[in-house]
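Subject: Structure handover

Hello,

Here is the structure you were to receive, with notes on what turned up in it below. Please read the notes with the model open beside them.

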Amino acid sequence: VAAHYIVLTFTHALSFSWLFFSLPHLQVLRQFHAIVRLTPFKLEDLCAALASEEHSKLLSEIHIGLLKALLREDEAQQVQYGPLDQKDSMNVFLHFYDTVTWPENLTVYLSNDPLANAAPLRVLQSTEYPFTSLENRVTVLQHLTNSVLSTAAVRDDLVNEGSLPMEDHCRVCHKLGDMVGLEELNFYLLA
């Protein structure tokens with residue numbers, strides 16, 4: 001009943017087919033919000049941002065978060081975007097962006113592999129992204145979310161799903177120190 005209500009509520013903003021194309025992206029962004037470093041948001045907000053012809057802060061934050069996650073993955077894999085002597089100038093261009101300049105930075109990032117990124121590059125180079133059609137926005141968003149899903153951070157998150165991270169403080173006295181974790185209990189490491 002709730003899903004039917006959501007669909008009926010957004011028929012004016014999105015057609016049924018585009019609504020269902022946006023649901024997987026929302027699920028990826030919600031599931032891995034810590035990796036993408038996004039504050040969780042509602043389906044209604046995503047649909048409104050995708051359907052709007054105007055600039056959307058949410059859409060900018062989503063793209064910036066996905067781009068930053070991909071750049072962090074590339075840094076972890078020691079990927080370089082140019083000759084070693086020009087490394088810093090390339091990184092400056094890729095890492096300094098805001099809500100106005102991110103489309104150009106995204107175009108430069110994706111142009112590093114024009115074969116794998118052909119569909120989103122075609123959209124970014126032929127339109128004034130993000131001021132484009134819903135179909136183009138979904139194409140770019142789909143490519144970015146699929147790329148983030150193939151990162152090591154997502155794989156690690158899926159492998160460690162359900163397990164608690166190791167803590168470096170005592171749950172009883174809250175002091176920091178060397179801890180030994182056994183299942184759900186933490187104990188001091190005796191010297």
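Contact here means heavy atoms within 4.5 Å. On that basis, and leaving aside neighbours within four places in sequence, Thr132 is in contact with Thr127 and Arg137. Please keep in mind that this is a predicted model.

Overall make-up

The protein has 10 helices and 2 strands. Of the 191 residues, 35% are buried. Among contacts with a separation of 6 or more, 52% are between residues 24 or more positions apart.

The loop between helix 8 and helix 9

Thr132 sits in the loop that runs from helix 8 (118-126) to helix 9. Is Thr132 buried or exposed? Its relative accessibility is 17%, and buried means under 20%, so Thr132 counts as buried. The side chain of Thr132 also makes a polar contact of 2.7 Å with the side chain of Asn136.

Pro130 belongs to that loop between helix 8 and helix 9 as well. The peptide bond joining Tyr129 and Pro130 is cis, with omega at about 5 degrees. Most peptide bonds are trans.

Helix 4 against helix 9

Helix 9 covers residues 134-149, and helix 4 covers residues 43-51. The two pack with their axes 9 Å apart, at an angle of about 120 degrees. Helix 4 is therefore oblique to helix 9. On the helix 4 side the residues that meet the partner are Ala49, Leu50 and Ala51; on the helix 9 side they are Leu134, Arg137 and Leu141. By class, this contact has 5 nonpolar residues, 1 charged residue and no polar ones.

Leu144 and its surroundings

Leu144 is another residue of helix 9. With a relative accessible area of 0%, Leu144 is buried. What does Leu144 touch, not counting residues up to four places away in sequence? The answer is His63, Leu66, Leu70 and Leu106. For Leu106, the separation from Leu144 is 38 residues in sequence and 9.9 Å in space, C-alpha to C-alpha.

Helix 7

Leu106 is also one of the buried residues of helix 7. That helix spans residues 102-110 and is mostly covered, with 7 of its 9 residues buried. The buried ones are Trp102, Pro103, Asn105, Leu106, Thr107, Tyr109 and Leu110.

Helix 5

Ser60 lies in helix 5, residues 57-76. At 1% relative accessibility, Ser60 counts as buried. Not counting residues up to four places away in sequence, Ser60 touches His55, Thr99 and Trp102; Trp102 is among the buried residues of helix 7. With His55 there is also a polar contact, side chain to side chain, at 3.4 Å.

How many salt bridges does the count come to? The count comes to 1. The side chains of Lys57 and Glu61 meet in a salt bridge, at 3.2 Å from N to O. Side chains of opposite charge can pair when their charged atoms come close. Both Lys57 and Glu61 are in helix 5, 4 residues apart, which is about one turn of the helix. An α-helix has 3.6 residues a turn, so residues three or four places apart point the same way. As for accessibility, Lys57 counts as exposed at 54%, while Glu61 counts as partly exposed at 30%.

Arg37

Where is Arg37? Arg37 lies in the loop between helix 3 (33-36) and helix 4. The phi of Arg37 is near 60 degrees, a positive value in a residue other than glycine. Most residues other than glycine have a negative phi. Arg37 has a relative accessible area of 60% and is exposed.

That is what was found.

Regards

Methods. Residues numbered from 1 in each chain as written. Predicted model: local features only at pLDDT ≥ 70, side-chain atom pairs only at ≥ 80, totals over all residues. Heavy atoms only, no water. Axes fitted to C-alpha atoms, helices over the stretch in contact; angles between N-to-C directions. Parallel < 35°, antiparallel > 145°, perpendicular 65-115°, else oblique. Nonpolar A, V, L, I, M, F, W, Y, C, P; charged D, E, K, R; others polar. Buried < 20%, exposed > 50% of the residue type's maximum accessible area, 1.4 Å probe, protein only. Polar contact = N/O pair within 3.5 Å; in protein donor to acceptor, adjacent residues only side chain to side chain. Salt bridge = Lys/Arg side-chain N within 4 Å of Asp/Glu carboxyl O.
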